[in-house]
Amino acid sequence: MIPALALVIPIVAVGGFFLWMISLSPVGKAYAEKLRGQTARSAGTGDNEQVLEELEQLRHEVAELSERMDFAERLLAKGREQRQGLPS
């Protein structure tokens, strides 16, 4: 049991040292800011309402574009039929 403990102590010490050094580095600070930003952003509901409103506006625009595309396809089909001499 003692030899295993003697092996674990240096591993934990070296691992802890590297974790501490990473936390002080710019990478560690950026990761901490990212974590803080996510928790602060999820608390507010104003962003969610704005996103839902914009999503509804996009749905409306897509539906309108779909109607315009259908109309254009009908006009093109009608023009082809007239050129081929088929009754409309």
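**Salt bridges and surface**

Guide: Start in helix H3: Glu 64 and Arg 68 sit four residues apart there, so about one helical turn separates them. The model is a predicted one.

Visitor: How far apart are the closest N and O atoms of Glu 64 and Arg 68?
Guide: They are 3.0 Å apart, and the pair forms a salt bridge.

Visitor: Is Arg 68 buried or exposed?
Guide: Arg 68 counts as exposed, because its relative accessibility is 54% and the cut-off is over 50%.

Visitor: And Glu 64, what's its relative accessible area?
Guide: For Glu 64 the value is 33%, so this residue is partly exposed.

Visitor: How many salt bridges in total?
Guide: The count is three.

Visitor: Which residue does Glu 56 pair with?
Guide: Arg 59. Glu 56 and Arg 59 form a salt bridge with their closest N and O atoms 3.9 Å apart. The cut-off is within 4 Å, so that distance qualifies.

Visitor: Where do Glu 56 and Arg 59 lie?
Guide: In helix H3, which spans residues 46–84. They are three residues apart, so about one helical turn lies between them.

Visitor: What about Glu 33 and Arg 36?
Guide: Their side chains meet in a salt bridge at 2.4 Å, N to O. Both residues lie in helix H2, residues 26–43, three residues apart. That is about one turn of the helix.

Visitor: Switching topic. What's the order of elements from the N terminus?
Guide: It runs α-α-α. The chain has three helices and zero strands.

Visitor: What share of the residues counts as buried?
Guide: 1% of the 88 residues. The chain exposes about 8200 Å², with 66% supplied by carbon and sulfur atoms.

Visitor: Which residues form the nonpolar patch on the surface?
Guide: Val 14, Phe 17, Phe 18, Trp 20, Met 21 and Leu 24. Together they have about 620 Å² of accessible area.

Visitor: Where does Leu 24 lie?
Guide: In helix H1, residues 2–24.

Methods. Residues numbered from 1 in each chain as written. Predicted model: local features only at pLDDT ≥ 70, side-chain atom pairs only at ≥ 80, totals over all residues. Heavy atoms only, no water. Helix = DSSP H or I, 4+ residues; strand = E, 2+ residues; numbered from the N terminus. Buried < 20%, exposed > 50% of the residue type's maximum accessible area, 1.4 Å probe, protein only. Areas by Shrake-Rupley, 256 points an atom, 1.4 Å probe, with all protein chains shown as cover. Patch = residues over 30% accessible without salt bridge, like charges linked within 9 Å, V, L, I, M, F, W, Y side chains within 5 Å.
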